[in-house]
Amino acid sequence: MCCWLWNLLYNTATRILLAAIHVIAPLLPKLRTRKIILRQQRSSIEHLAINPSATTIWFHAASMGELEQIKPLVRLYRENMPQARIVVSVFSPSAYRRHSDLPSDALVLLPYDSPSSAQHFVEQLNPRLAIVSRYDLWWNITQQLAERNIKLVLVNATFPSTQAVWVIRGFYRCLYSRATLIIARSERHAAAFRRLKIESTITVSPDTRIDQIAMRAANALTRPPFLQQATFRLVLGSTWSADEALWADVWHSLAPDTKERIQLIIAPHEPTSKHCRSILSHFPGSMLQSKLPPGDSASIVIVDRVGMLAELYHHASAAYIGGGFGAGVHSVLEAAFAGIPLSCGPRIERSDDAYELKSEGTLRILHTLDDAQRWLSDVMNDDRLAKRARSVQENLKSRVGISRKIYELIEQLR
């Protein structure tokens, strides 16, 4: 199917979808928040066009995870091009907040991808270079970049995992052909991009997020005061209801003397008041971190604030990563960099890191209560699992510095 026909189909579907969003946005908090932010930031985007001669480097990430991936590159561009204007956009409102380690001139929410919005957005930014994290390419925006001969680079790239790829292969061919350079995060993804038979340069490199993780690990030396001097500390990170229900069953099945050896730290993916109340009901005797008096602790602590999880992994004996009983396991890389045994639910198909850690014996896939009980017993009683995890940690540390190599590769396009 020709690109012009895909363009017609895409924009017809987009018009219908945006009309539906306009109707239902007042009913859904995330859509309502997104609408408010887009309205409020109009003046700031207009302000970016005041000095059109300024060299602008534009970075884009879908959400928090993808933003964490490209922060090392943002810092390198700030360091090497101090006079440039650096703009970072995100699609998810949850990532649209202050980031102390993001040295950009502006952080904006990406508008919906209608032809008029895309044209206005790219005209206002007028970037010399566009760098997109992982996968979040949009049809009309990439078309505007291509029409203006603005170089587009996809870093840490992953090919869409949809089962219907063969049906819309022509769409992907048109979309990804607009990228000047695609830096895939594994050979598997690079091979998928190459099968599109596009002229874009395609190469493979480790994930730039490793440098962000290394930086945060260096700042994780001080132990948070609510962590006890436990024999064994288990962190349940980025959890959802299904994960918490599984571990509530595990916890209730443990013998009293085993519980006395463990401090359980639960950091839900979305620590809303409602979600935290649900966790409290599953784990009698648990305490919210925010309710603990200074210097006090508890055998079960629920972390009801964001931004602490990567640090907590470095004070854990083992960790379970949530999401694997839902849409897919969350990032396992931060926990792996801490050098501890890991586990998660069965949905790992969207995570190359999870596949690699599973094959290396650091990540155990849990399906049932018995699986979880067996894994916990193993990590508490078998030193070999911890030694294997530390070996993987050393391998990950050897990749630190990859962001500079990617920066140099991108700058060769100039």
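The structure holds 17 aromatic pairs. Rings of Phe, Tyr and Trp (its six-membered ring) count as a pair when their centres lie within 6.5 Å; planes under 30 degrees apart are stacked, over 60 edge-to-face, and the rest tilted.

Before the details, the ground rules. This is a predicted model, where local features need pLDDT of at least 70 and side-chain atom pairs count only at pLDDT 80 or more, while totals for chains, interfaces and linings use all residues. Residues are numbered from 1 along each chain as its sequence is written, and side-chain values use heavy atoms, with hydrogens and water left out.

Let's start with the rings. A pair of aromatic rings is described by the distance of the centres and the angle of the planes. Take Trp58 and Phe121. Their ring centres are 5.4 Å apart and their planes stand at 70°, so this pair is edge-to-face. Trp58 lies in strand 1 (residues 56–61) and Phe121 in helix 5 (residues 115–125), so the pair ties together parts that are 63 residues apart in sequence. Helices here (H or I, at least four residues) and strands (E, at least two) are DSSP runs, numbered from the N terminus.

Are these two residues buried or exposed? Trp58 is buried, at 3% relative accessibility. Phe121 is buried too, at 1%. The cut-offs: buried is under 20% relative accessible area, exposed is over 50%, and partly exposed is in between (1.4 Å probe, protein chains only).

Next pair: Tyr176 and Phe193. This one is edge-to-face, with 5.1 Å from centre to centre and 70° between the planes. Tyr176 is in helix 7 (residues 169–176) and Phe193 in helix 8 (residues 187–194), so the pair links distant parts of the chain, 17 residues apart. Tyr176 has 2% relative accessibility and counts as buried. Phe193 is buried at 0%.

Which residues do ring pairs link into a cluster? They are Trp6, Tyr10, Trp139, Phe159, Phe171, Tyr172, Tyr176 and Phe193.

Rings also meet charges. The charged end of Arg178 sits over the ring of Trp139, 4.1 Å from its centre. Arg34 has its charged end over the ring of Tyr112, 4.3 Å from the centre. "Over" has a rule: NZ of Lys or CZ of Arg within 6 Å of the ring centre and within 35 degrees of the ring normal.

Now helix packing. Two packed helices are described by the angle between their axes and the distance between the axes. The axes of helix 4 (residues 64–80) and helix 9 (residues 209–218) come within 7 Å and cross at roughly 85°. Axes are lines fitted to C-alpha atoms, for helices over the stretch in contact, with angles from 0 to 180 degrees between N-to-C directions. Helix 4 and helix 9 are therefore roughly perpendicular. On that scale, under 35 degrees is roughly parallel, over 145 roughly antiparallel, 65 to 115 roughly perpendicular, and the rest oblique.

Who touches whom? From helix 4 come Gly65, Glu68, Gln69, Lys71, Pro72 and Arg75, meeting Arg209, Asp211, Gln212, Met215 and Arg216 in helix 9. Contact means heavy atoms within 4.5 Å. These residues divide into two nonpolar, three polar and six charged.

The buried residues of helix 18 are Ile402, Ser403, Ile406, Tyr407, Ile410 and Glu411. Their cover includes helix 4, strand 4 (129–133), strand 5, strand 6 (181–184) and helix 9.

Most residues other than glycine have a negative phi. Asn156 is not a glycine, yet its phi is positive, about 55°. Asn156 sits in strand 5 (residues 151–157) and is buried at 1% relative accessibility. Lys197, also not a glycine, has a positive phi of about 60°. Lys197 lies in the loop between helix 8 and strand 7 (201–204) and is exposed, at 72%.

Last stop, Ile348. Where is Ile348 found? In the loop between strand 13 (342–344) and helix 15 (352–359). Ile348 is buried, at 5% relative accessibility. Beyond its neighbours within four places in sequence, Ile348 contacts Val329, Ala354, Tyr355, Lys358 and Ile365. Ile348 and Gly328 are 20 residues apart in sequence, with 5.8 Å between their C-alpha atoms.

Notes
Ala, Val, Leu, Ile, Met, Phe, Trp, Tyr, Cys and Pro count as nonpolar, Asp, Glu, Lys and Arg as charged, and the others, Gly among them, as polar.
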